[in-house]
Amino acid sequence: MNQIETPALVLHTFDYRETSRIVRIVTRDAGVLSVVARGARRPRNKFGAALDLFASGVAQVTMHGTRDLHALHGFDATRSRRELAESLDKFGAASAVAEFCIRFGHDSETGHLFGAAEAALDAIAAADAVSVPAVAVANAWRLVAELGFAPTLSQCASCHAGIAADADVTFAHRAGGALCAACARRAPGGRRVPAGARATLTAWLSGVESPADGPAIRSHLRLLREFLEEHLGDGRPLRALIAWEERQQERPAIRVPRQGVSE
Ligand SMILES: [Zn+2]
């Protein structure tokens, strides 16, 4: 057994037995952990509201070797992020970020994912209502970059030839990014990504805000989901991301020049 104290962020929580809760946290020092908070469902327990979804704090954890479930002794909350529960859009986006951390976090370098996840949730919490989708998709791609599997966009993912900035490309999920015209002809399938959408994606991956709305966001969300599914490769759906994507499809169409990823 090994006691650690580490900054952490609550990703998911569910009831466990009569009085406890199991909490998934992403930590700065030990990656993504499942911990049991004993007594957390009793009235006036020591955790109080600290373990609310998307809250940050300092977690005291006893690590049980290679077991999957560790013990949470305390969680001193530093930030609650209640704003994320005030809008369905923000909550949906935050849930997709949390799901990303849970699904991709186990093999990640510790620290990077925690910092990027906090930054993503803070950006979504602070976004005005209209820009929530673009801010969220941009931050999801930054998480991808933080974990080291960002798509290749300025050169061909297959032959590494440079691709002109104004070129429309084919995006091949399996190859890991954009293909040059010659490689695209040899590998049918993939998504057409117009130059404008590729520029937006490049900006997002490098941490630069770039607006996108309506059809463009829906195209970007689909590209993101397909890319993540290809990388996970386990056939299990990204439920929170899909739910959030479906929500974007219910929005009334906004009349903007089409900049998204085409069919
Ligand atoms: Zn090529």
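This tour moves through a predicted model, from confidence to a sheet and then to aromatic rings.

**Confidence.** Colour the chain by pLDDT. The mean is 91, and 94% of the residues reach 70 or more. Now select residues 254–258. Here pLDDT stays under 50, and the model has eight contacts beyond four places in sequence for this stretch. Where pLDDT is low, the predicted coordinates should not be read in detail.

**The sheet.** Select strands S7, S6 and S8. They form an open sheet in the order S7-S6-S8, with antiparallel pairing. S7 and S8 (191–193) are the edge strands, each pairing on one side only. From one strand to the next, the twist averages 45°. Zoom in on S6 (residues 169–172) and S8, which pair over three bridges. Val169 stands opposite Val193 in S8.

**Aromatic pairs.** The structure holds six aromatic pairs. Start with Phe54 and Phe91. Phe54 lies in the loop between strands S3 and S4, and Phe91 in helix H1, so the pair ties together parts 37 residues apart in sequence. Phe54 is buried, at 3% relative accessibility; Phe91 is partly exposed, at 33%.

Stay on H1 and select Phe100 and Phe104. Their ring centres lie 4.7 Å apart with planes at 25°, so this pair is stacked. The two residues sit four apart, about one turn of the helix. Phe100 is buried at 4% relative accessibility, and Phe104 is buried at 12%.

Terms used
Residues numbered from 1 in each chain as written. Predicted model: local features only at pLDDT ≥ 70, side-chain atom pairs only at ≥ 80, totals over all residues. Heavy atoms only, no water. pLDDT = per-residue confidence, 0-100. Contact = heavy atoms within 4.5 Å. Pairing = 2+ DSSP bridges. Axes fitted to C-alpha atoms, helices over the stretch in contact; angles between N-to-C directions. Phe/Tyr/Trp six-rings, centres within 6.5 Å; stacked < 30°, edge-to-face > 60°. Buried < 20%, exposed > 50% of the residue type's maximum accessible area, 1.4 Å probe, protein only.
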